[in-house]
Every structure is written in structure tokens, then in C-alpha cells.
Amino acid sequence: MKEEFKYVVDNSEYVSIDKTKIDDFISELGEINYVHWSKELDLKLEEKEWINLAFIMEAMNFCFWQKPKWKIEYKNDIVGGSNALFYAIIKQVENNIDFLKIENLDKIDKEQFYKIMNGVEGTCPLIDKRYENFREVIEYIKNNNFYDELFSIKSDIELLKYITTHFKSFDDKSTYKNKTIHFNKRATLLANDLYYLSDTINKNVGNVNNLSGCADYGIPRTFRDYGLLIYNEKLSKMIDNEEEIPHDSDMEIEIRGNMLYIIDEIKDRLKEKNIIVNSVELDNLIWWMGKKTEHKSTAHHTVTIYY
């Protein structure tokens, strides 16, 4: 997929990359020590329940920037953004050991779904879209030989294709100057989750080293802060004024495509230093780096179900 991102880079009008800043950025990365989020949980789940958790979680994992921020309470802490979604679901699992069985997930109607997503601040954004994606996943799992299909997959790219083919809400692609650009942010996260959560998939797939990074709105802001991503005057003003960047616009595609190209460039330079890391691990490190950084700029705002 790197050639697709390079096509975006080579044809960009609104976004450019300062490659001279990459080495300085690498020096700020710190230790690369990837730990999957499941390691933080004390849940005793069956393999199929872990798979169900990953699918429903990533199906709804998008677009948390709206104000006022949606927040929930979890174990006396107030959490927002993607963590609010994560812990809203985890609370249900902790309260009901059978929550993730497909027959129980199938019983969740829109009213129950709204209650699960009820927060202490703000309202869960795009909640009806999240419910649609949730239902898409449940319907496919219960009406097909889902687990047999999953357990027959032999590579990370095949796994990614399976997800985007059978679950349309994961099929994250855009047309840019007559060329299709595949981003597949949530599908990439899901493929990575399944690799770590399912012993069967882990054994069959072997690794997730062929997956790309995850084009969101946090990492481009971090890259802009460090001078790697440069926006032209028009795009800069829109983002700084918190104007919405339309989904599938050239501006949005250029932000995402250039971001992913930088991820690959950083990975290649690390390899030259004998530091081997895959794109998802690197993406995660940079995402957390951005969470800990006091940002000079704002993130771009796009209403979308894809990130």
C-alpha cells in the first residue's frame, strides 16, 4: 500500500513533508515497547468472546473530537474519547460474564445500546452510526460460518481483506485524482487485535508486519507539531479555526496519505539502525507520544465513521 500513499504524496496540493525533520523526530520517540491493550485487562474470556469484543469495539471506534467531549465514569475515573467507548463496553463485560456471547449481543436493541453509551458528560457522538456498525457485525457473525472463515485465514493481508470485504463499515477507502487509496484504519486495528487476541489466528497468520499505519486525526497533529507535515495556508487556516474538513475531500486524503507515508519512512530509517518495528507498533508508539505532548496545533476535524 505504500505506493498508494506515495501517489498521494507526489500529487499533494495542500500537504507536504519535510523529510529533514524525520531523524530529529526519531530521536524523540523513546523506547519501542509495544503492549497490546488486552494485557491491561483482567478478563477470563473464551477465544470467540475475545474475537467478538475486538469486532464490536473496532466497529465503533471512530470520531470522538466533537464538543462537548463525551465522557463516562469507570472505577471512579472520568474517561473520554476512544477510552470512553472502550470502558463502556468493558463495564458490561465485567458486570455480565456472558455479555460477549453472540446470542446476548444480538439481543441489544437501540434503547439498550443508548443506555450502555450513556455518559456523565456530553453525548456519544454519531451514536446511531455506531449502532448500525454494531448491528452489521452481529448480523454477519450469527448468520455465517464466521469463526471457521476467520480460522482458515493464513496471512495478515488476507485477514485485512476478509474484514473489508464482509464488513462494509470497515472498507475505508477514498478516490484521489482517479486512483483508489486504501486507508482501512479500523480494519488494520482489528486485524492487529485479532492477531493478539486469538491463539488460532496468531498461529495461522504468523505476524502482522504487512499492515500499514492507522490514519487518524491525532498523529497528523503530532507530525505537524514536529514540523514533519506542512499544510498550505488555506488548509492551515481551516484546521486552526476548527473548520470541518469534508470526508473524501482532497484535503483529508492528503493529510491521511502523507501521514501514512511518514510512518513508512520512519520505519525504514529505524530498520537502517537495526531497529525492527512494524507499522502498527510504530503507529501506536507515536499515538501515545501525541497523548503525552502539549500540542501547539489542533487536529483536523472530519465527520466520518472511518476514524
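This is a predicted model: local features need pLDDT of at least 70, side-chain atom pairs count only at pLDDT 80 or more; totals for chains, interfaces and linings use all residues.
The protein contains 15 helices and six strands. Its radius of gyration is 19 Å. The globule rule gives 19 Å for 307 residues, so the protein is as compact as a globular protein of that length. The C-alpha trace spans about 55 × 45 × 40 Å along its principal axes.

Burial and contacts were then examined. Of the 307 residues, 55% are buried. Contacts between residues at least 6 apart in sequence were sorted by separation. Among them, 75% join residues at least 24 apart. The accessible surface amounts to about 14,300 Å². Carbon and sulfur atoms account for 44% of that surface.

Charged side chains were counted next. The protein carries 41 positive and 54 negative side chains.

One of the pairs joins Tyr 7 and Tyr 176. Their ring centres are 6.2 Å apart. Their planes meet at 85 degrees, over the 60 degrees required, so the pair is edge-to-face. Tyr 7 belongs to helix 1 (residues 2–11), and Tyr 176 belongs to strand 4 (residues 173–176). The pair therefore ties together parts that are 169 residues apart in sequence. Tyr 7 has a relative accessible area of 24% and is partly exposed. Tyr 176, with a relative accessible area of 0%, is buried.

A further aromatic pair is formed by Tyr 131 and Phe 134. Here the centre-to-centre distance is 6.1 Å. The planes are 25 degrees apart, and the pair is stacked. Tyr 131 and Phe 134 both lie in helix 7 (residues 127–143). They are three residues apart, so about one helical turn separates them. Both Tyr 131 and Phe 134 are buried.

One aromatic cluster is formed by Phe 55, Tyr 140, Phe 146, Tyr 147, Tyr 162, Phe 167 and Phe 170.

Conventions:
Residues are numbered from 1 along each chain as its sequence is written. Side-chain values use heavy atoms; hydrogens and water are left out. Helices (H or I, at least four residues) and strands (E, at least two) are DSSP runs, numbered from the N terminus. The radius of gyration is taken over C-alpha atoms; the globule rule is 2.2 Å times the number of residues to the power 0.38. Buried means under 20% relative accessible area, exposed over 50%, partly exposed in between (1.4 Å probe, protein chains only). Contact means heavy atoms within 4.5 Å. Accessible areas come from the Shrake-Rupley method with a 1.4 Å probe; for residues, only the protein chains shown count as cover. Lys and Arg count as positive and Asp and Glu as negative; His and the chain ends are not counted. The place of a charge is taken as NZ of Lys, CZ of Arg, CG of Asp or CD of Glu. Rings of Phe, Tyr and Trp (its six-membered ring) pair if their centres lie within 6.5 Å; planes under 30 degrees apart count as stacked, over 60 as edge-to-face and the rest as tilted.
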